[in-house]
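Student: I have a model open on my screen and would like to go through it with you. Could we talk about its charges, its surface and its strands?

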Amino acid sequence: FLKHKISIQKYNRYYIPMAIYALFVVLSTFMSLYRNVALLGFADMYQGMSVLLCYVLLTFIIMNFVNTERDVKIIIYSFVILGIIVGILGLSQYFGYDFLQTEVGKHLITPKSLEDANIEFTFGKYTIYATMYNTNFVGSFGALLLPITVMLYLNSGEKKKDFIFFISSVLTYTTWLGCNSRAGYIGIMVAGIIGIVMFRNVLKEKYKKICLLIIIYIIIAIAFNIASNGRVFGQFSRLSPLLEAEKLKTIQEGQKVRFEEVSVKNNTFTIKTTGEEIKGTVVNCEVTFEDGEGNILDILKDTNDYITFRDERYRDYSFRHTDGFPFINAKIYNRPLNLYAMEDDTVKVISMNMKLTEPVTAPRIKLFDGRETFASNRGYIWSRTLPMLKNTLFIGYGPDNYCLMFPQEDYVGRFNTGKSMTNIVVDKPHNMYMQTAVNTGAISLISLIFIWVTYLIGSFKLYSRKKIHTLLEYMGASAFLSVTAYLAAGIFNDNIVSVAPLFWIILGLGIGINKMNKIDIYTLQC
């Protein structure tokens with residue numbers, strides 16, 4: 001810009017909402033209760049103020065930088081290389097030959113201070129996490145790159161490029177398919193439906209290439225499904241709303257009770273369900289139990305200090321406590337609850353992050369009662385996240401502050417969701433729209449939505465009324481589909497630093513290409 005090689009384009013309809021978003025990111029940061037986290041980001045998230053501002057800056061730079069076909073190729077071909085590298089790594093992971101788990105791979109990803117540590121990898125065979133440490137993020141990555149690589153292959157007319165783009169699209173497809181992320185699947189399905197409707201003329205014109213891709217994709221899907229003993233098709237079947245509803249119904253029918261209260265007060269802890277209630281009282285580090293009506297419960301205690309009850313109502317309750325010691329370990333309907341008696345007999349809960357605390361009664365959306373397990377427990381997380389928004393309509397809690405503000409000690413909600421939620425720190429809402437609204441405020445979210453909708457509507461108008469032929473037109477269409485896929489996947493996925501920069505680059509690329517394509521249309525009309 002300073003050398004006058006590029007100029008700042010007139011994109012005021014984008015600049016204004018971008019500036020508003022940036023403003024509320026800054027305001028939310030400096031109004032945050034946890035300013036240090038807001039500045040630097042939370043562990044494993046790392047999306048503090050500077051990173052969020054850089055996302056917007058990336059779009060700003062790219063949309064002004066892209067002025068020629070050569071500029072577009074620099075970015076697009078970089079994505080092709082990226083797709084090939086990640087695809088090869090992903091294939092090795094899927095079939096149990098993960099490069100990152102070799103001695104060389106471990107050396108590359110491990111700091112010197114931990115080079116002698118015994119690293120354990122969460123994911124095994126038949127799943128792809130690539131370099132994004134979470135399969136959901138790979139789903140968003142695949143949703144971004146697959147439309148680009150496919151469109152490049154369809155547009156190419158040279159044998160050498162045909163081969164390269166074909167390999168890139170196939171490897172990107174294997175990455176998207178092998179990550180087992182239903183959010184990524186949904187993103188591509190939404191973009192695919194829109195693409196088929198909008199670009200049906202391309203499908204007719206390039207039907208030979210389309211047929212070849214479809215055949216190869218089907219063969220890969222069958223091969224992956226056979227290798228993983230049905231896992232691939234199983235994931236796709238779980239996308240069915242009817243199947244999800246049936247699953248929820250089965251879980252509801254299998255629940256013996258629903259929890260209504262898990263609380264501690266002074267030297268007493270209370271657990272109440274729809275079937276029964278139990279109260280424990282601590283005096284001099286000894287515990288006595290009574291039912292909801294105040295009747296003392298007879299206990300059975302074995303040599304290992306496990307406590308059970310003669311009353312059949314409490315057959316799903318057990319406690320372990322040694323007289324004179326402060327720890328009280330409970331299992332209620334197979335849910336763990338760890339308690340600690342202070343020197344003054346005051347009872348506290350030992351939370352999953354080893355903090356002495358008290359259970360909270362979290363505001364919730366009652367629509368999700370009994371549906372907490374919806375979409376891999378997103379029902380529970382969303383039911384507790386949505387009420388948080390009433391405090392972030394203007395200013396958010398601060399970038400990456402979601403985890404610190406979420407009601408982690410909501411034991412009633414966790415117990416009703418199931419054993420799988422009892423020891424998990426909820427660090428993200430698994431919805432990038434809620435994530436934005438909580439962290440930087442509803443106004444910042446509205447600003448982003450305005451940017452995205454403005455781009456999508458402009459792209460739809462531009463490409464739905466013309467046949468696409470040139471590279472710029474194909475790439476403009478692919479950017480539109482990529483952004484669409486990412487935004488659709490964002491209903492179930494979060495913004496994450498390992499993928500989000502690619503999205504913001506593609507958004508800026510799409511805006512810049514649209515302007516060039518509009519100029520071409522205007523020139524042709526003249």
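Tutor: What follows goes through salt bridges, then surface patches, then the strands and one loop.

Student: Before we start, what kind of model is this, and what was counted?

Tutor: This is a predicted model, in which local features need pLDDT of at least 70 and side-chain atom pairs count only at pLDDT 80 or more, while totals for chains, interfaces and linings use all residues. Residues are numbered from 1 along each chain as its sequence is written, and side-chain values use heavy atoms, with hydrogens and water left out.

Student: OK, how many salt bridges are there?

Tutor: The count comes to 14 salt bridges, where a salt bridge is a side-chain nitrogen of Lys or Arg within 4 Å of a carboxyl oxygen of Asp or Glu.

Student: Which residue forms a salt bridge with glutamate 244?

Tutor: Glutamate 244 pairs with arginine 182, and their closest N and O atoms are 3.8 Å apart. The pair links distant parts of the chain, with glutamate 244 in helix 12 (residues 241–254) and arginine 182 in helix 8 (residues 182–198), 62 residues apart. Helices here are DSSP runs of H or I with at least four residues, strands are runs of E with at least two, and both are numbered from the N terminus.

Student: And is glutamate 244 buried or exposed? What about arginine 182, buried or exposed?

Tutor: Glutamate 244 is buried, at a relative accessible area of 9%, and arginine 182 is buried as well, at 13%. Buried means under 20% relative accessible area, exposed means over 50%, and partly exposed lies in between, with a 1.4 Å probe and protein chains only.

Student: Where does arginine 313 come in, and which side chain does it meet?

Tutor: Arginine 313 and aspartate 291 meet in a salt bridge, at 3.2 Å from N to O. Arginine 313 lies in the loop between strand 6 (306–309) and strand 7 (317–320), and aspartate 291 is in strand 4 (residues 286–291), so the pair ties together parts that are 22 residues apart in sequence. Arginine 313 is partly exposed, with a relative accessible area of 40%, whereas aspartate 291 is buried, at 4%.

Student: What does lysine 301 meet in a salt bridge?

Tutor: Lysine 301 meets aspartate 323, at 3.4 Å from N to O. Elsewhere, salt bridges that share partners join Asp291, Asp311 and Arg313 into one network.

Student: Switching to the surface, which residues make the nonpolar patch?

Tutor: Ile214, Ile218, Ile222, Ile226 and Phe233 make a nonpolar surface patch of about 480 Å². Helix 10 (residues 207–227) gives the largest share, four residues; isoleucine 214 is found in this helix and is partly exposed, with a relative accessible area of 44%. Patches are made of residues with over 30% relative accessible area and no salt bridge, like charges being joined within 9 Å and nonpolar side chains (Val, Leu, Ile, Met, Phe, Trp, Tyr) within 5 Å. The areas come from the Shrake-Rupley method with a 1.4 Å probe, and for residues only the protein chains shown count as cover.

Student: Now the strands: in what order do they form the open sheet?

Tutor: Seven strands form the open sheet in the order 5-6-7-8-9-10-11, with antiparallel pairing, and two strands pair if DSSP finds at least two bridges between them. The edge strands are strand 5 and strand 11 (356–357), each of which pairs on one side only.

Student: How many bridges join strand 5 and strand 6?

Tutor: Strand 5 and strand 6 pair over three bridges in the antiparallel sense, and isoleucine 299 stands opposite phenylalanine 309 in strand 6. Their hairpin has four residues between the strands, and in it aspartate 305 takes a positive phi near 70°. Strand 6 has a covered face, Ile307 and Phe309, and an uncovered one, Tyr306 and Thr308.

Student: Last one, where is asparagine 353?

Tutor: Asparagine 353 is in the loop between strand 10 (347–350) and strand 11, and is partly exposed at 45% relative accessibility. Asparagine 353 and glutamine 408 are 55 residues apart in sequence and 9.7 Å apart in space, C-alpha to C-alpha.
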